[in-house]
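Student: I'd like some practice reading features off a model. Can we go through one together?

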Amino acid sequence: MKKIFTTILLFIGALTLHAQKFTTEGQAFGKIDKADLELKECEFEKDAAAMVLFNKGELYYDDNLNIVIQHHKRVKIFNESGKKQADVRIEYYGGNRFEYITGLQGQIYNLADGKVEAVKLDKKQIFTENVDKSRMALVFSFPNVKSGSVIEYKYQQTINSLSDIPDWFFQEEIPIKYSELVTTIPDWFDFTTQQRHYRPFTKYATQTESRSISSGTSTPLMFLENKTQWAMANVPAMVREPYMTSEVDNLQCLYFHLTSFRPPVGFTQSFSNTWAKVGGRLADDEDFGLQLKKKLLGENIIIDKAKTLKTDEEKIAYVFNEVKNTMKWNNVDRWYTNDGTSKAWEKKTGNSTEINLILYHLLKQSGVKAYPMVVSTREHGKVNPVYSFLYQFNRSVVYVPVDSTTNYVLDATSKYNCYLETPANLLGSHGLYIDKDNKKYDLVYLTRENPVRRVVLINAQIQPGGMMDGTAQVSSFSFDRASNVEKYKVNGEKKYIDYLRDNNNSLSITSLKMENLDEDNMPLNQHINFKQELTGSDKDYIYFNANLFSSLRSNPFLSENRVSDIDFGHCSSYNLTGMYKIPAGFKSDALPKSMNLVMPDKNITCNRMVVEQDGTILIRYVITYKKTLYFKDDYPQIYAFYKKMHELLNEQVVLKKSS
């Protein structure tokens, strides 16, 4: 998040802010109860390696209407695994003087012979790291940390902005005993507050009082300020769950969005309360919009060749492949450039925005109607369209509208992306495209309506000794294709074969042939020869399971409880068809029944068809997902459906020796 808001200067004297009397918890810096050092475990999460005893923030506006936050945090270490909490990294946007950290102090407490021993953090061990041209970090580690230690630190964060109150998170990777935020805001500001939490606030209080400031005349200026306290206690650690999006999307937190500002005479109003304003500022930013027309070394070679191609699609395919094969992504996601497009092109490496603004420039110069777009990756979190904050984005891509129903979203950071597909890690969120010429800056919801398909065809023979040998063709389309191509090329064939076996130790793959490995617009066809030992079989009975190479062997929803929403990312379709030749001297004894399993909302279905004819058993599974998002309140239905579906998928065929 690089902030680009204008500094709001106050022409009048100091703004006086007074502390309010709120009920609060936690101790003053440097004072600690011996009981905290004797604490052996987290009361509400017994196996926690560490716990936040308290995390407190006090927010107010200073005399120049900068946002100031006083942070104070204390953490208890329970065991060796928790010692990593003593390595602290505080990142902030300081490279452009937008915000800065001051007054950092820290202490570590231990018990020595039953007495409290406190050691201050050596300021010589506090390091400032330049992450890039806009981001910085304070990095420090506490000495002599061990099981039982308590660490604490405090600092002041000053943000040179009128509107950008940071999000406050009541939840982390370790449990939190107490978390509190207190905000003191003049009533010139109207903030909309989004509260995302599934636990109730243990404290919520508001107060309003009159205040006065010097106006430079004999009459002070009177105004009101609103003070609000939010607090939450005994918050469990965030746990990653299957098909959860980012942690940011699921952590319990507060968001603030400035919707209006009514300053007295003498203030300059400047804040981005619409997406049009955000887009306009992006268009004029030196690290975004002003990069779009910069020339690239040797660009005419690519542009001239692109102009010889007849259609826009040919130009897009050519330029996209040139950029993705030439540039190397440095694994850094920012909405802004760091070195700039020209230098990144010369080095052949850059962050995601540098690479994709290069792509935009070359497409534009080649005559393709394209626009730069800022997006948020799945890991970064979904964009909330109600809150017009630039920091919701962390990557730039290229948006190419083809017609009223078709568009391309191009991302050249990955060698395995295809120009025909919006990358999977961008789906289910919004992108903001920038059309500076027409002063048009609109949000676009990024989605994929057609399902991603996997088709599996198996032809196998069952041997009397309890062995199966056969062939399989696995055809992967869209993201399933891209994912498998990447696994194969990055990890190599041996590890890829292990992936195909899916932890099935009885299955061995004797040969593998990959077809269309480098043809982006074709399905990936995998031709497999395999053998499988049918465990549990004996001379009289043979057992086998038809669920092979479907990628659906394991049920991801085994927990009875769920705290996050389920986001599949895209619709999917699985079609598994197997023909199994029964060995001579055997007959079917127990065949799974043909049946159809349907979610209550009818958006997930599992159909199984079983037919026996002329000594061959045909089993077909067709599984379709027509919906991508289920809220956590729907989890009981998902849990029940998946339990039944995997019972169907794993139900065995039983063959019996003929009399």
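Student: How many disulfides does the count come to here?

Tutor: First, the general idea: a disulfide is a covalent bond that links the sulfur atoms of two cysteines. Keep in mind that this model is predicted. Here, the count comes to zero disulfides.

Student: Are Cys418 and Cys253 buried or exposed?

Tutor: The cut-off for buried is under 20% relative accessible area. Cys418 has 12% relative accessibility, so it counts as buried. Cys253 is buried too, with a relative accessible area of 1%.

Student: What about the protein as a whole, what share of the residues counts as buried?

Tutor: Of its 659 residues, 51% count as buried. The protein has nine helices and 34 strands, and its C-alpha trace spans about 110 × 75 × 45 Å along the principal axes.

Student: Where does Lys293 lie, and is it buried or exposed?

Tutor: You'll find Lys293 in the loop that runs between helix 2 (275–284) and helix 3 (299–307). Exposed means over 50% relative accessible area, and Lys293 has 72%, so it is exposed.

Notes. Residues numbered from 1 in each chain as written. Predicted model: local features only at pLDDT ≥ 70, side-chain atom pairs only at ≥ 80, totals over all residues. Heavy atoms only, no water. Helix = DSSP H or I, 4+ residues; strand = E, 2+ residues; numbered from the N terminus. Buried < 20%, exposed > 50% of the residue type's maximum accessible area, 1.4 Å probe, protein only. Disulfide = S-S within 2.5 Å.
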